[in-house]
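Good morning, and thank you for coming. I shall begin with the model itself and then turn to one of its helices.

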Amino acid sequence: GEIWSTGALTDSLCFVGTTIIPLAGGPEATRLFAERAIEQHRICPSLVGPADVVLDMWGHLDPVWGPAREVRACQPLLAMLDAPTCAVDSAVRQVRAEELDQYLNASIQMFIGEMGVDPRNGDGGRGYRRRVAGLIEAGRAWARFEDGRVIFKAEIGSQSRCVSQIQGVWVDPEFRGRGLGTAGVAAVAAAVHRSSRIPSLYVNSFNEVARASYARAGFTRIGTFATVLVS
């Protein structure tokens with residue numbers, strides 16, 4: 001990907017890769033970011049980042065790239081600054097390479113439920129399989145198995161020296177309502193803490209069940225993200 005800025009990185013910053021992540025910038029910066037994106041004739045499938053910056057940039061992109069498939073304008077950004085405040089599921093562990101097929105099946109179900117599209121579209125799933133395999137190889141895929149079946153999963157996506165972003169949290173529908181999501185995400189967060197990083201994630205504002213689960217685990221709100229699904 002590329003890093004864009006109109007001046008000082010602390011004032012305007014945008015990452016452009018498989019998605020667009022505008023991190024900072026006022027009205028003039030977001031206008032310039034949008035103009036450059038349009039000039040490149042490359043429509044990324046989504047924009048995500050701080051709500052005010054994302055929505056301002058999308059306002060410039062919408063006339064050319066729109067209409068959006070969906071705009072999620074309010075996604076609470078959460079962090080767990082201390083230890084989990086609930087019991088941790090000791091059965092949640094890192095996924096092994098030989099468990100790729102089982103984990104991939106759960107990941108596909110999660111992706112369809114969250115994004116509304118099948119990640120196998122276009123290339124039959126080869127690219128998504130490589131991505132999931134890479135997460136497993138890097139030790140960033142976590143799950144609880146029952147009789148060889150994934151009933152809880154989560155991943156560590158973006159990671160810096162200070163923060164790890166938890167993503168792809170999913171519980172098998174047959175096992176929901178038993179607290180597996182709360183205890184499972186707490187287990188992943190505890191592992192992040194052991195790496196001397198802060199666990200963070202963001203959630204749709206309308207997903208009251210997930211928001212309550214994360215609150216029980218010990219996450220608190222520190223900001224607001226937004227996501228625009230373009231295609």
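The bend at a residue is the angle between two axes, one fitted to the seven residues ending there and the other to the seven starting there. Helices (H or I, at least four residues) and strands (E, at least two) are DSSP runs, numbered from the N terminus. This is a predicted model, in which local features need pLDDT of at least 70 and side-chain atom pairs count only at pLDDT 80 or more, while totals for chains, interfaces and linings use all residues. Residues are numbered from 1 along each chain as its sequence is written, and side-chain values use heavy atoms, with hydrogens and water left out.

The chain contains six helices and 11 strands. Its radius of gyration (over C-alpha atoms) is 18 Å, close to the 17 Å from the globule rule (2.2 Å times the number of residues to the power 0.38) for 231 residues, so the chain is as compact as a globular protein of that length.

Where does helix H2 bend? Helix H2, residues 51-65, bends by about 40 degrees at Gly-59, and Pro-63 follows within four residues.

Finally, Leu-9 lies in the loop between strands E1 (2-4) and E2 (13-16). Leu-9 counts as exposed (over 50%) because its relative accessibility is 53%.

Across the chain, buried residues make up 45% of the 231 residues.

Key:
Buried means under 20% relative accessible area, exposed over 50%, partly exposed in between (1.4 Å probe, protein chains only).
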